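Thank you all for coming.

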Amino acid sequence: MGKILGIDLGTTNSCMAIIEGGKPSVIPNAEGGRTTPSVVGFSKKGEKLVGQVAKRQLVANPNNTVYSIKRHIGKADYSVKLQDKEYTPQEISSMILRKMKEDAESYIGETINEAVITVPAYFDDSQRQATKDAGKIAGFEVKRIINEPTAASLAYGLEKSEGDQKILVYDLGGGTFDVSLLELGDGVFEVLSTSGDTSLGGDDFDQRIVDYVIAEFNKQEGIDLSKDKSALQRVTDAAEKAKIELSGVTTSNINLPFITADSNGQP
């Protein structure tokens, strides 16, 4: 029996895992990261880019880069245009899933044909079906679509708890902030209620840092970095790294030498 790939198809980042020795084990992508940016694009030469390489050109080549496609999955009338071709959210999502499939197969050294994909508890039938369709386009047989808070509860082994109980699950992701109230009885989870903010997440924290750096630099040097796409991309990348550092320390330094040139062409 082949392995089944568990996939958290996120708004901003996606993650994958397999069961080893009865426990889930996260599989790194081809770049060595435990998460893959949910970003798809095409380079100026027409090469398809998925994941970190696509994210790197997000600011410099925005017209040929798509992110947060999950917010639109299940919308029949929605499409994005890349390289003069229209793509549905399912097709864009399938590119992310296909990369994860290929990376996982390369990592474990065998073909993976089956997957379980998580979705927000508030997803309706059309959004769940569209997610399943994306998996099929990517080459998977999607065995099951699981609610994200249920998957989180399973990861912590809460289904083994004795007696009935209610569980509140907070999910602060890159693009959304969800909270779900679950009821557990006889090892079965039932979602009682969901709420949250579908436009609040780690990306917004990054943007606050970017805005602060740009404002401070403008105040000190009289140069608006937001008008320089290359500089803005570097600031955006540095802001995310600083945010991650701030999860473990109280301060973080952003140092970007030769960030831009002045009116005389001097760095």
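Predicted model: local features only at pLDDT ≥ 70, side-chain atom pairs only at ≥ 80, totals over all residues.

Residues are numbered from 1 along each chain as its sequence is written, and side-chain values use heavy atoms, with hydrogens and water left out.

Let me start with the domains, whose bounds come from an automatic or database domain assignment. The assignment for the protein chain gives domain 1, residues 4-149, and domain 2, residues 202-247, and their centres, taken over C-alpha atoms, are separated by 27 Å. Eight residues from domain 1 and six residues from domain 2 take part in the contact, where contact means heavy atoms within 4.5 Å. Between domain 1 and domain 2 an area of about 610 Å² is buried, with carbon and sulfur atoms giving 44% of it; buried area here is the accessible area, with a 1.4 Å probe, that two parts lose on being put together, summed over both.

Now the salt bridges, each being a side-chain nitrogen of Lys or Arg within 4 Å of a carboxyl oxygen of Asp or Glu. The structure holds 10 salt bridges. Lys55 lies in helix α1 (residues 52-55) and Glu240 in helix α6, so this pair ties together parts that are 185 residues apart in sequence; helices (H or I, at least four residues) and strands (E, at least two) are DSSP runs, numbered from the N terminus. The closest N and O atoms of Lys55 and Glu240 are 2.7 Å apart, and across the interface of domain 1 and domain 2 the rule finds one salt bridge.

On a 1 Å grid over the protein atoms alone, a cavity is a set of points where a 1.4 Å probe fits but cannot get out, whereas a pocket is an open set with protein on both sides within 12 Å along at least five of seven lines, and lining residues have an atom within 4 Å of a point. Grid points are joined across faces, edges and corners, and a volume is the space filled by probe spheres set on the points.

How many cavities of 30 Å³ or more does a search of the whole structure find? The search finds two. The largest cavity holds about 50 Å³ of space, and β13 gives the most to its lining, with three residues. The second largest cavity, of about 30 Å³, is lined by Leu9, Lys70, Ile73, Thr118, Val119, Phe123 and Thr131.

Finally, the second largest pocket has about 340 Å³ of space. Of the 17 residues that line this pocket, the closest to its centre are Tyr212, Val213, Glu216, Ile254 and Asn255. Helix α5 supplies the largest share of the lining of the second largest pocket, seven residues.
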